[in-house]
Amino acid sequence: MTTADAPPPLSLPEVEALARRAHAGQTDKAGRPYAEHLAAVAEGVRTRGGSDEQIAAAWLHDAVEDAALSREWLAGAALSEATKAMILAVTKRPGEPLEAYTARILATPGALLIKEADLAHNADPHRLSVLDAPTRDRLTAKYAHVRALLGLAPE
């Protein structure tokens, strides 16, 4: 199949539906449906001026990392190459040093905005307030460290 024969990229509503199906039944650390996090990150990207490609990547930002979708699926998906690259950039790899992970995000056009929205939602005080104090403190420090490595101002 040539590029001219390739199907058009999935629309944002199609990507959202796909992400919701892929993460169906998953919950976050607070026991909330995982799709709420995906929606918050996508909205965070949108309100920060992100493109449709970035919003699509936000919906799918944890899909490969959480094994909800495979790398093979992503390679053949009806998504732009830029969207695929952003998804892979924000996908943590087993055993990968945090510095290598953040360097990849910084080197991938568009990926920083997705990670910024992800960190903002992860570090939301209301979201963290339902966790036990040691977990809350550990995550707060972790998110602040990642923000510093990415050159983002503290929240």
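In what order do the elements of the protein run from the N terminus on? I began there. The model I looked at is predicted. Its elements read α-α-α-α-α-α-α-α-α. I noted nine helices and zero strands.

**Overall form**

Next I looked up the dimensions. The C-alpha trace spans about 55 × 30 × 30 Å along its principal axes. The radius of gyration is 15 Å, which agrees with the value near 15 Å for a compact globule, because the protein has 155 residues.

**Inside and surface**

I then checked burial. Of the 155 residues, 41% count as buried. The protein exposes about 8100 Å², and 58% of that comes from carbon and sulfur atoms. Residues 24 or more positions apart account for 58% of them.

**Charges**

I found 17 positive and 21 negative side chains. The centres of the two sets lie 4 Å apart.

**The core**

Which residues have the most contacts inside the largest nonpolar core? I wrote down Val45, Trp59, Leu60, Leu79, Ile87 and Ile114. This core has 40 residues. The elements that give two or more residues to it include helix 1 (12–22), helix 2 (34–47) and helix 3 (52–59).

**A look at Trp59**

I picked Trp59 from the core list. What is Trp59 in contact with, leaving aside its neighbours within four places in sequence? I noted Val15, Glu16, Ala19 and Arg20. Ala35, Leu38, Ala39 and Ala42 are in contact with Trp59 too.

Conventions:
Residues are numbered from 1 along each chain as its sequence is written. This is a predicted model: local features need pLDDT of at least 70, side-chain atom pairs count only at pLDDT 80 or more; totals for chains, interfaces and linings use all residues. Side-chain values use heavy atoms; hydrogens and water are left out. Helices (H or I, at least four residues) and strands (E, at least two) are DSSP runs, numbered from the N terminus. The radius of gyration is taken over C-alpha atoms; the globule rule is 2.2 Å times the number of residues to the power 0.38. Buried means under 20% relative accessible area, exposed over 50%, partly exposed in between (1.4 Å probe, protein chains only). Contact means heavy atoms within 4.5 Å. Accessible areas come from the Shrake-Rupley method with a 1.4 Å probe; for residues, only the protein chains shown count as cover. Lys and Arg count as positive and Asp and Glu as negative; His and the chain ends are not counted. The place of a charge is taken as NZ of Lys, CZ of Arg, CG of Asp or CD of Glu. A nonpolar core is a set of buried Ala, Val, Leu, Ile, Met, Phe, Trp, Tyr and Cys residues joined through side-chain atoms within 4.5 Å.
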